[in-house]
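Biologist: I'd like to learn how to read helix packing in a model. Can you walk me through it?

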Amino acid sequence: MKKLLLILLPFIVFSASAQISFNTGNVQFDTDLNTINANASVDFGAFKGKLLVSYDVSEKKIEFMKGSVNMAPGEIYLALEISKLSQMPIDKVITIYERNKSKGWGYIAKETGIKPGSPEFHQLKNNASSKKNKGKHKGNGKGKSKGKGKGKGKK
């Protein structure tokens with residue numbers, strides 16, 4: 001039992017530290033963003049590669065957002081998504097973020113023209129929900145019978 005606790009302790013600490021306050025004004029949206037953030041923190045290189053392709057952004061820009069602006073991976077994703085949906089340059093979104101980060105991402109989205117309840121806001125939420133589930137492997141590949149089926153030729 002002690003060994004199990006020692007093994008799980010780093011994961012519990014990491015999980016707690018990975019939670020940040022996005023303050024979007026929607027609890028499920030914040031939860032989805034925290035899932036994206038935690039998954040991206042495990043393998044930032046793979047996450048960055050997906051962002052490079054999905055948002056046609058330079059690696060230098062992502063590194064700037066992470067290092068100089070001190071954005072968490074989930075915030076980088078959200079800034080790029082807001083930029084895309086609002087059709088506002090990412091540099092403008094970053095400027096709005098830097099001036100207003102204490103007010104939360106809901107406020108930042110409003111400043112870019114994405115209002116709560118608008119089609120763009122719903123798209124932000126739906127995209128985050130979809131993104132948090134991408135790349136997750138479910139199950140053991142053996143179906144409901146857990147590999148105990150009769151199979152071909154068995155009786």
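**Reading helix pairs**

Modeller: Happy to. The axes of helix α3 (residues 44–55) and helix α4 (residues 59–67) cross at roughly 125° and come within 10 Å. Axes are lines fitted to C-alpha atoms, for helices over the stretch in contact, with angles from 0 to 180 degrees between N-to-C directions. Helices are DSSP runs (H or I, at least four residues), numbered from the N terminus. This is a predicted model: local features need pLDDT of at least 70, side-chain atom pairs count only at pLDDT 80 or more, and totals for chains, interfaces and linings use all residues. Residues are numbered from 1 along each chain as its sequence is written, and side-chain values use heavy atoms, leaving out hydrogens and water.

Biologist: Why are α3 and α4 called oblique to each other?

Modeller: Under 35 degrees counts as roughly parallel, over 145 as roughly antiparallel, 65 to 115 as roughly perpendicular, and the rest as oblique. With axes crossing at roughly 125°, α3 and α4 are therefore oblique.

Biologist: Which residues of α3 and α4 meet?

Modeller: Contact means heavy atoms within 4.5 Å. F44, K48, L51 and L52 in α3 meet E59, I62, E63 and K66 in α4.

Biologist: At what angle do α5 and α6 cross?

Modeller: Two packed helices are described by the angle and the distance between their axes. For α5 (residues 73–86) and α6 (residues 90–100), the axes cross at roughly 125° and come within 9 Å. That makes α5 oblique to α6. On the α5 side, E75, A79, L80, I82 and S83 touch I90, V93 and Y97 of α6.

Notes
Helices (H or I, at least four residues) and strands (E, at least two) are DSSP runs, numbered from the N terminus.
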